[in-house]
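Biologist: Please show me the model, and let us then go through the terms that describe it, one at a time.

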Amino acid sequence: MWKFLHKLASPPHFYALAAKMIPWFNISGLLLIAYGTVAGLFFAPADYQQGDAFRIIYAHVPAAYLSMMAYSIMAISAGIGLIWRMKLAHAVAAAAAPLGAWFTFLALATGSIWGRPMWGTWWEWGDPRLTSELIMLFLYFGYMSLRAAIDETSKADKASAVLILVGAVNVPIIHFSVEWWSSLHQGPTLIKEGGPAIETAMLYPLLAMILGFSLFFGALLLARVRTEVLHRERRSRWVRNLVLTESA
Amino acid sequence: MMEIFAMGKYGAYVWSSFALMFMVMIACVVQARSRHRKMFRQIESRLKSQALSEKNGHRSEN
């Protein structure tokens, strides 16, 4: 087991293994997303209160889930990188940031589109769920600009890891905001006492979308970590050999 | 048949949400690929210029 983990953390091994795994993550993820989209849009029954507008849930919830998942992955990786000085962990954190920012943007945008017909407004300043999610978008931007501002990779790793760990307090705030404060946003549908409060014909496409997007995210993350590894190892012998053989 | 695409009176909201979702997916893939290619080319051109200067008898540290 340790031998396997040690080998996995070795950059050339990771670089080759990730390339083999990416297509599998992509294919399984896209199949689930295709099923979830078709079933969610056409086969799930309309909501008795929201009518067909509720179908936005199939785009909105996976995006919101990933926006927080990406941040959690970054915080854990940043912690591992700081404590055990593992460079691959810092590479994972750096690779997850732009993806997290994209999915946070998607969660905010689809939420806004959903809010217009349901709440009568695109945006409500001061609403705890909306505001804490927007703060997370700014944390992603702050993380990326901090990294871009520091030339030396090891210094950028440390400084940005501290930023992401301090900002991690925002993740539980987002999750519990709808319970702690009064919010326009509806309460939790899936993760709550007594199990999911949703009919199975609506639930299965949603679970498929969440799982599918997680796999798709996994493929993107692996691809971006490969780019990070290439950059960090640019002066090593194995990268030199790799680039020269592939360009020949 | 057209009815199921109409989404009641919410067609514009539902379809724009899903259009945005697919656009973000495509953007993520395109960005990841172009960054990787760019990184690869950067290293490639550095190695080539290094090899060239070594051939000419200069040693460069880069």
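Biologist: Why are α2(A) and α2(B) called roughly antiparallel to each other?

Modeller: In this predicted model, the axes of helix α2 (residues 11-43) of chain A and α2(B) cross at roughly 170° and come within 13 Å. Axes are lines fitted to C-alpha atoms, for helices over the stretch in contact, and angles run from 0 to 180 degrees between N-to-C directions. Angles over 145 degrees count as roughly antiparallel, and therefore α2(A) and α2(B) receive that description.

Biologist: Which residues of α2(A) and α2(B) make the contact?

Modeller: Contact means heavy atoms within 4.5 Å. Among the residues that make it are A:Y15, A:L30 and A:F42 of α2(A), and B:W15, B:F18 and B:F40 of α2(B). The residues of this contact divide into 12 nonpolar, two polar and no charged. Here Ala, Val, Leu, Ile, Met, Phe, Trp, Tyr, Cys and Pro count as nonpolar, Asp, Glu, Lys and Arg as charged, and the others, Gly among them, as polar.

Biologist: How many residues of chain B are in contact with chain A, and how much area is buried?

Modeller: In chain B, 31 residues are in contact with 45 residues of chain A. The two chains bury about 3,400 Å² between them, 78% of it on carbon and sulfur atoms. Buried area is the accessible area (1.4 Å probe) that two parts lose on being put together, summed over both. By class, the side of chain B that touches chain A has 21 nonpolar, seven polar and three charged residues.

Biologist: How many helices and strands has chain A?

Modeller: Chain A has nine helices and zero strands. Helices (H or I, at least four residues) and strands (E, at least two) are DSSP runs, numbered from the N terminus.

Biologist: What conventions apply?

Modeller: Residues are numbered from 1 along each chain as its sequence is written, and chains are lettered from A and ligands numbered from 1 in the order in which they are written. Local features need pLDDT of at least 70, side-chain atom pairs count only at pLDDT 80 or more, and totals for chains, interfaces and linings use all residues, while side-chain values use heavy atoms, with hydrogens and water left out.

Methods: Parallel < 35°, antiparallel > 145°, perpendicular 65-115°, else oblique.
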